[in-house]
There are 2 protein chains.
Amino acid sequence: MGDGILRKIGLEEIEDIALGAALLGAGGGGDPYIGKLVAMGAVRECGPVTLLDPEEVPDDALIVPIAMMGAPTILGEKGIGGNEYRVLYDMVSKFFGKEVYAFMPIEAGGVNSMLPIAASARIGLPMVDADGMGRAFPELQMVTFTMGGMSASPMALTDEKGNSAIFNTITNKWTEELARSVTMSCGGSVSVALYCMSGAELKKYAVKNIVTRSQKLGQVIRSVKEMEEGTPEENFLKLSEGFKLFKGKIGDVLRETRGAFNFGKVCLEGIGEYKGRQAYVEFQNENLTAVVDGEILATVPDLICLVDTETFVPVTTDALKYGKRIMLVGLKCFEMWRSQAGLDLVGPRYFGCDTDYIPLEERCKGGRTDV
Amino acid sequence: MGDGILRKIGLEEIEDIALGAALLGAGGGGDPYIGKLVAMGAVRECGPVTLLDPEEVPDDALIVPIAMMGAPTILGEKGIGGNEYRVLYDMVSKFFGKEVYAFMPIEAGGVNSMLPIAASARIGLPMVDADGMGRAFPELQMVTFTMGGMSASPMALTDEKGNSAIFNTITNKWTEELARSVTMSCGGSVSVALYCMSGAELKKYAVKNIVTRSQKLGQVIRSVKEMEEGTPEENFLKLSEGFKLFKGKIGDVLRETRGAFNFGKVCLEGIGEYKGRQAYVEFQNENLTAVVDGEILATVPDLICLVDTETFVPVTTDALKYGKRIMLVGLKCFEMWRSQAGLDLVGPRYFGCDTDYIPLEERCKGGRTDV
């Protein structure tokens, strides 16, 4: 077993992972409170989950990412039962004629980082320390696995009532189309298994050790105020490897729901050292671009995160409200997203932003206010 | 093999079955021309299909009804490929871990009577001489199998592009809901396998020998003009066991598309012995009620059929046009539909018609114009 240490995810780890994954959600990925409750409920009932390093996974093992599809906000009302993961497990095992070796998350974010923990606890399987984004993205094909030519299909889907389906489609775009229709008919949120892969594929294309990174980021957020040296903000930026882009008060939030996505723009009026300056962030579920005084300081696929100026707790796009004080932080994305194939999938132009991708650290060379 | 005669469906049989099944479609079930082309194409390419009497089927055999879901009119544009039935066959076999013994139709009607012939020809399987309605109905749960507590699910679905899905749902209503969404996303028509059953269930709940009945009705329509005795109309009514309800010219057709169904009303002005009298027929895909001079002469589940006054060729609701001369004919429905369980599923009140079900032959005692 790799370094010989059996790593477990229990209640405390869940707290940290949920908080850190919400930061990596870059504005999207849902409310970590809801995700946390689902994961904690499962771990309380069935015990902690073993976290596997990707390198520990045999090449021929069947690895199954688990996620929810639909609007995370609906979960608060509709909930997730205890039986969905058994249904998904059975469908996938039957399809491949093979037992599932481990589950894994497909993306970071408050909800989808948590559900694979609940699935692993309930079925008694380990979870792999990896995902397919290293952040959150709005569309199903936006995973590193697409660059490996891998298919989202067969995709298994189930709702909390017990309805289920397994899709086998000709492209990932069709998987998105058909599964999205059924998701809407099931009431707006369902549990899914997709991009089922071998251990060998996992090792080649996954964003490795992202659960550990989430956990560390969560610990950072929870501990920066108690450190002896430096200000909490300095410590937060240093330990999260974040680029400070702006600090301001939310002056306006514009929202529009189009094609099942949340589009919008949040406008910030500078505070502290940014007094008198202006910034805005545009989003499609996740934050897409950060513009300060008319200059673009960050774009997708780099992570644009909004955190509370006092607690450093991440603020999702759902929770943006007039008057809230926000620090705008940039985080470097996973290296593979910066390749041409990566930028074709998730670069600024794909999202309709008329700019080339320039890495965050380049853009911030001039405008960056370093700590 | 039962009576020792191996019955085959070739090109000539297809002509008759399509014509007769269109009559049993009771206004719905789609254009027999399109259905015929699909079945004939398959039989020309792969040879004729063996028709099995339900009594010849072993009790433990896996029997799979094949149909299209969605709007039959879309088939004229979008077509049906050759590979859908292989996809359905593979999905169903895999799900049950068992080879499919035979296909069968789920309903009569111009299209759905024909596709199981195409499926049987292409896969090289026999087709059972039975269906689940003995006519056509607009909703998925409206089959005799529902009275036997059987489930539409698992339901396999595929489009002509190669996308496929298999649904496992908690009720037939949910199967309808989810499959309908995917059908819409796939462009409005898909091929499906549903109500998969054992030979024992088939023998208990199916409408037996309905393919043979369709074929005979087709022969009747084609031959009544050439008989030596009686008028063609007399012969048609006698041989089809039809009740003549009215004869008239179409004065108006009102149509409304609501919830993916065609609702409407066709108004008739009497001709010949009906001169000066009025009638109308209301429909939801299929014809629901026939009213002559304000008196209801027939309701679902009995069959209300509109045929051309000269050729006796059935006229589907899609083909209703101002000025067309029509004879309104009632046919008795399958006995099981007249039970309380049957009327709960498909009686007039289910379709929103405020009348009790009274058998066609009772209603026509006074008003019927016998031949």
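**Chain contacts and local geometry in a predicted two-chain model**

Colleague: How many salt bridges does the structure hold over all chains?

Modeller: This is a predicted model, and side-chain atom pairs count only at pLDDT 80 or more. With that condition, the number of salt bridges over all chains is 39.

Colleague: How many salt bridges does the rule find across the interface of chain A and chain B?

Modeller: The rule asks for a side-chain nitrogen of Lys or Arg within 4 Å of a carboxyl oxygen of Asp or Glu. Applied across the interface of chain A and chain B, it gives a count of 0.

Colleague: How many residue pairs are in polar contact between chain A and chain B?

Modeller: Here the criterion is a pair of N or O atoms within 3.5 Å. Both residues must be at pLDDT 80 or more, and the count between the two chains is 9.

Colleague: Which element of chain A gives the most to the side that touches chain B?

Modeller: Three elements of chain A each supply at least two residues of that side: α4 (84-96), β8 (164-168) and α7 (172-185). The residues of this side divide into 9 nonpolar, 7 polar and 3 charged. The top contributor, with 6 residues, is α7(A).

Colleague: What is the area buried between chain A and chain B?

Modeller: The contact takes 19 residues from chain A and 19 residues from chain B. K94(A), N163(A) and S185(A) supply 27% of the area that chain A buries against chain B, more than any other three residues. Carbon and sulfur atoms give 57% of the area buried between the chains, which is about 1800 Å².

Colleague: Which residue is the bridge partner of N168(A) in β8(B)?

Modeller: Strand β8(A) pairs with strand β8 (residues 164-168) of chain B in the antiparallel sense, over 5 bridges. In β8(B), N168(A) has as its bridge partner S164(B).

Colleague: How far apart are R180(A) and E176(A) along helix α7 of chain A?

Modeller: R180(A) forms a salt bridge with E176(A), and the closest N and O atoms are 2.8 Å apart. The two residues are 4 residues apart in the helix, so their separation is about one helical turn.

Colleague: How far apart do the end C-alpha atoms of residues 13-168 of chain A lie?

Modeller: UniProt lists residues 13-168 of chain A as "domain: S-Me-THD N-terminal", in an unreviewed entry. In the model the span is 38% helix and 19% strand, and its end C-alpha atoms are separated by 36 Å.

Colleague: Which residue takes a positive phi in the hairpin of β14(B) and β15(B)?

Modeller: Strand β14 (residues 278-284) of chain B pairs antiparallel with strand β13 (residues 261-270) of chain B over 7 bridges, and F263(B) stands opposite Q284(B). Antiparallel too is the pairing of β14(B) with strand β15 (residues 286-292) of chain B, through 6 bridges, where V281(B) stands opposite A290(B). The hairpin of β14(B) and β15(B) has 1 residue between the strands, and the residue with phi near 60° is N285(B).

Colleague: Where does P301(B) lie?

Modeller: The peptide bond from V300(B) to P301(B) is cis, with omega near 0°. A cis peptide bond also joins S153(B) and P154(B), and P154(B) is in the loop between α6 (144-147) and β7 (155-158) of chain B. For P301(B), the place is the loop between β16 (295-299) and β17 (303-308) of chain B.

Colleague: What is the phi of N209(A)?

Modeller: N209(A) is in the loop between β11 (207-208) and α9 (210-223) of chain A. This residue is other than glycine, yet its phi is positive, near 60°.

Definitions and conventions: Residues are numbered from 1 along each chain as its sequence is written. Chains are lettered from A and ligands numbered from 1 in the order in which they are written. This is a predicted model: local features need pLDDT of at least 70, side-chain atom pairs count only at pLDDT 80 or more; totals for chains, interfaces and linings use all residues. Side-chain values use heavy atoms; hydrogens and water are left out. Contact means heavy atoms within 4.5 Å. Buried area is the accessible area (1.4 Å probe) that two parts lose on being put together, summed over both. A polar contact is a pair of N or O atoms within 3.5 Å; within protein, one must be able to donate a hydrogen and the other to accept it, and residues adjacent in sequence count only if both atoms are side-chain atoms. Ala, Val, Leu, Ile, Met, Phe, Trp, Tyr, Cys and Pro count as nonpolar, Asp, Glu, Lys and Arg as charged, and the others, Gly among them, as polar. Two strands pair if DSSP finds at least two bridges between them. UniProt positions are given in the numbering used here, feature names are shortened, and annotations may be inferred rather than shown by experiment.
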